[in-house]
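The sequence and the coordinates come first.

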Amino acid sequence: MSFIVRTVARTADGRDIVRPKSFDKAELSVGRSPSSDIHLPDLAVTLNHAAIRIVAGGYVEVVATAGLPLVVNGKSTEHQRFSAAQGADVRIGSHSLEIEPGEGEEKGSVIVTVSRVGAISNASEDKEEAHVFSLATVLPGKRPLAWALAILVLGIFLVWPLVSIHTQPIDQTRKVAFHADELWTSGKLSQVHKTLENNCQACHVKAGEAVRDTACAACHTKVHDHADPKKLADARGSLGIVGATKQLVGGVFGIQPGRCVECHTEHQGTTAMPVTDERFCTNCHGDMSKRIDTPLKNAADFGDNHPQFEPTIRFAGADGVPMFRRVSLDANPKEDSGLKFPHDLHLSTTNGVAQMAKTLGKGEGYGAPLECANCHTRDATGTTFAAVKMENSCGACHSLAFDQVGGTIRTLRHGEPAQVIADIRAFYRAGAPRNGAFQGMERRRPGDFASSGQRTAFAQTSAMHIGNAEQAIRAVFSKGGACFDCHMVRATGNPTTPFAVTPVSLTRRYMTKGWFDHAAHDTENCTSCHAVKTSRWAADVNLPKIAKCQECHGGQDAHKAVPSSCAMCHDYHRTGFAPLMVRDNRARGKAVEHIDEKAMERAGGGI
Amino acid sequence: MATKSLRQATTGRERASEHEGFLRYQSYKWLKIALTLCGVAVLIYAFNDVQPKPNGGTIYGYTTGTIGILLILWLTMLGVRKRAITPGRWSLKSWTSAHVYLGLSLIVVATLHTGFDFGWNIHTLAYVLMMLVIGSGVFGIAAYASLPQALSANRGETTQIQMLDNLRTLDRQLNESAQPLDADGAAIVQMALADDPFGGGLVARLTGRYSKCGTRAALAAVRAHPSRGEAEADPLDHVEVLLERRRSSLSRIRKHLRLKALLEVWLYIHIPLTFALIAALFVHVVAVFYYW
């Protein structure tokens with residue numbers, strides 16, 4: 001019984017050198033110790049690691065002597081017996097011991113072929129230089145990464161939105177929730193369109209088709225054209241190179257000029273919809289009279305190229321029929337309101353009127369010389385003023401009292417001349433009281449009344465001791481009479497109602513083509529714009545001329561206190577009320593709180 | 001590589017050749033072209049009064065957008081071009097120079113294309129991806145300009161494979177000198193030998209810090225080994241010397257790896273993000289015209 005141990009060593013150039021050694025004994029020791037029969041210079045092997053024995057019956061036995069298992073035929077074990085004829089592959093550390101029966105001359109011996117199968121260190125293993133020294137060992141490849149990222153982007157940002165567009169309903173059943181096509185938005189919608197944020201297809205109806213006006217008109221049913229489309233087209237100024245290019249390119253893609261979105265730009269953030277730029281107006285209006293026949297004057301910029309204001313003035317036409325026409329303020333227009341009223345007299349701080357107002361006192365709402373606010377009060381919108389009423393604004397001084405019955409003062413019926421005549425006749429029929437305090441039916445002037453000391457005395461002695469009713473009536477309707485001094489009186493020639501009063505028509509709005517918001521001008525006094533302190537006649541149109549406005553207001557890009565684009569005063573889609581810009585409360589500073597939004601909406605709102 | 005000039009003298013005829021990096025190529029020709037492009041773009045932007053605010057949907061926006069996307073596609077072609085090295089006017093160096101400067105000019109052109117109108121959408125995603133690609137490219141330029149010197153200094157006169165062979169030699173010596181050691185001693189040396197010089201993840205590569213370094217652990221264990229007497233000779237003495245050498249050899253390899261990693265890592269952002277960017281740009285264009 002013998003072993004033949006063949007130790008295989010590999011040279012640097014890869015050749016194998018086999019050194020055979022015979023052992024004529026039945027047991028071989030295996031270990032790192034140089035005294036071992038099979039010496040394994042392997043640090044993973046203990047000094048005396050194992051023993052290989054030949055056992056009776058043609059068997060070979062491998063036994064771990066240091067208690068560390070070894071691997072026989074791929075199986076970890078501490079003791080393994082196998083047939084010598086079959087042999088086995090034993091692994092100890094990095095070495096392989098192949099045990100097989102001898103053949104030929106060596107028949108009867110057990111051959112043990114010892115070779116190193118593992119490198120002595122990790123660094124000594126075969127390494128591909130280009131690979132191990134690069135980052136490729138620690139990172140996924142650039143190509144797979146590139147594919148993965150590109151597919152990820154296409155999946156999330158292209159496929160998902162497209163699937164959403166083609167599967168989600170666009171009618172009422174559409175859910176108010178995130179839809180993947182929102183990933184394509186170019187910015188948040190304006191406040192008014194906020195509810196459409198989840199519904200791109202409300203406006204972007206067809207793929208690849210720029211937003212059409214029909215999409216806007218689906219909701220905005222009341223908006224009408226600015227003018228006849230043909231006239232609009234004719235009025236357009238030169239587009240310039242940029243505009244012409246845009247129109248040309250747009251035309252190729254079926255985009256018609258003059259779409260809503262040209263002025264109303266969306267996706268500009270969650271703000272009020274941006275005010276339309278001045279150039280959209282001035283492109284036509286800057287020199288429109290050159291292109292079309294129009295009564296409108298050219299206007300390009302409020303600061304330096306805007307015509308004088310032309311308020312609508314009421315005047316008496318043929319036969320006294322009231323007529324209206326727009327007259328430039330430069331022409332100092334006079335209006336026919338049917339009233340006689342000197343502003344200067346009433347706003348004086350020294351005259352009788354002022355004295356009367358002081359005497360009336362705070363209890364009556366006066367107490368100081370008259371101010372504009374004593375008669376003119378804001379209406380609910382804050383934008384303009386309520387019509388002046390005789391009873392509230394004039395009546396405290398200009399009393400129509402003429403009699404007292406018990407504790408009740410009788411007054412002439414304001415606004416009804418026929419009734420006044422009838423009342424006077426009735427008064428005389430009943431036998432008028434006589435008192436010498438007042439003479440005639442003269443108008444009660446401020447001061448007269450106060451100096452008399454008491455109202456009742458005035459009422460009782462309301463100077464009705466003119467001979468008879470007809471004389472008294474004539475006195476009331478004639479110069480110096482209660483009606484005449486404020487109203488236009490004309491004789492009718494009819495003995496029943498011999499006099500009539502021309503109805504008073506106070507202009508509610510002079511600038512029907514533009515918009516002016518008094519609330520936005522609370523920083524000013526009335527008189528800083530309206531020259532009423534020097535106005536002697538009710539016919540004076542006390543509107544400020546444009547130069548006054550231009551002290552603060554300039555064009556859109558002006559370096560003035562209030563740069564003002566056209567949209568501040570004018571509305572493209574005229575609704576007869578405040579322009580969009582005013583309704584949006586934009587560029588109006590602190591005036592916002594004075595606005596009764598609901599009233600404004602009622603007056604000029606609607607979609 | 002980029003800016004380092006190198007004088008070479010050939011024998012016989014005196015000839016000095018000036019190395020001209022891609023950054024200085026043709027006296028900064030492409031830098032000038034890129035600056036001109038940016039200047040024109042800024043100038044037009046400044047005088048282009050877009051209401052209510054600038055955006056990509058204006059004529060200027062479409063123009064800069066078209067320039068931008070064509071530039072990006074052309075810049076991407078460097079990957080194709082660099083695989084075919086040719087001399088001459090359209091040499092690879094010229095391409096690289098143009099790639100760098102025109103790529104940088106995109107910062108201006110594309111930013112003006114956006115009109116500073118950003119949001120959480122595909123359009124801004126494309127912009128962000130582009131800026132990341134450009135940013136990684138800038139890192140790459142900085143790395144190419146500064147690291148090769150450090151790499152060369154660290155390597156000395158050796159090659160990569162020589163560095164590795166040096167380590168292998170040390171490993172064989174360690175293996176031999178550890179033969180007489182008992183199982184404990186052998187296990188300590190094994191720790192060092194089992195060290196994978198190329199192990200450790202991306203972080204270790206980039207920082208050069210390998211927290212689980214077997215060699216360092218082995219060295220510490222050898223030094224703390226109870227058998228180490230003061231005066232007597234010990235087989236571990238030699239092992240310690242070898243471990244010390246191994247550590248130094250390993251640290252040079254690791255510094256080399258770190259510098260190489262810094263030279264390479266930006267490409268792992270630059271290239272994959274470029275493809276993500278092209279995908280995003282495709283969606284950007286589709287989205288813009290789908291929802292016109």
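How many residues of chain B are in contact with chain A, and how many of chain A with chain B? In this predicted model, local features need pLDDT of at least 70 and side-chain atom pairs count only at pLDDT 80 or more, while totals for chains, interfaces and linings use all residues. Residues are numbered from 1 along each chain as its sequence is written, and chains are lettered from A and ligands numbered from 1 in the order in which they are written.

**Contact between the chains**

The contact involves 55 residues of chain B and 47 residues of chain A; two residues are in contact if their C-beta atoms, placed from the backbone, lie within 7 Å. On the chain B side, at least two residues each are supplied by helix H5 (122-155), helix H6 (160-177), helix H7 (183-194), helix H8 (202-207) and helix H10 (235-290). Helices (H or I, at least four residues) and strands (E, at least two) are DSSP runs, numbered from the N terminus. H10(B) gives the largest share of this side, 20 residues. By class, the side of chain B that touches chain A has 35 nonpolar, nine polar and 11 charged residues. Here Ala, Val, Leu, Ile, Met, Phe, Trp, Tyr, Cys and Pro count as nonpolar, Asp, Glu, Lys and Arg as charged, and the others, Gly among them, as polar.

**Domains of chain B**

Chain B is divided into domain 1 (25-156 + 274-290) and domain 2 (160-263), with bounds from an automatic or database domain assignment. Their centres, taken over C-alpha atoms, are separated by 47 Å. Six residues of domain 1 of chain B are in contact with seven residues of domain 2 of chain B. The domain 1 side of this contact divides into four nonpolar residues, one polar and one charged.

**Sheets of chain A**

Seven strands of chain A form an open sheet with mixed pairing, in the order S2-S1-S12-S11-S10-S7-S8; two strands pair if DSSP finds at least two bridges between them. Strand S2 (16-23) and strand S8 (75-77) of chain A stand at the edges with a single partner strand each, so one side of each is left without a neighbour in the sheet. Neighbouring strands of this sheet are turned by 25 degrees against each other on average, direction ignored.

Another open sheet of chain A has five strands in the order S4-S3-S5-S6-S9, again with mixed pairing. Its edge strands are S4 (38-39) and S9 (79-83) of chain A.

| Strands | Bridges | Opposing residues |
|---|---|---|
| S3(A) (27-31) and S5(A) (50-55) | four | Val30(A) and Ala50(A) |
| S15(A) (401-405) and S16(A) (408-411) | four | Asp403(A) and Arg410(A) |

The hairpin of S15(A) and S16(A) has two residues between the strands, and Gly406(A) takes a positive phi near 65 degrees there.

**Nonpolar cores**

A nonpolar core is a set of buried Ala, Val, Leu, Ile, Met, Phe, Trp, Tyr and Cys residues joined through C-beta atoms within 7 Å; buried means 20 or more other C-beta atoms within 10 Å of the residue's own, with C-beta atoms placed from the backbone. The largest core has 55 residues, of which Ile92(A), Val112(A), Leu174(B), Val189(B) and Val239(B) touch the most other members. H10(B) provides the largest share of this core, 14 residues. Not counting residues up to four places away in sequence, Leu174(B) touches Val189(B), Ala192(B), Leu193(B), Val239(B), Leu242(B) and Arg246(B).

Methods. Axes fitted to C-alpha atoms, helices over the stretch in contact; angles between N-to-C directions. Buried ≥ 20, exposed ≤ 12 C-beta atoms within 10 Å, placed from the backbone.
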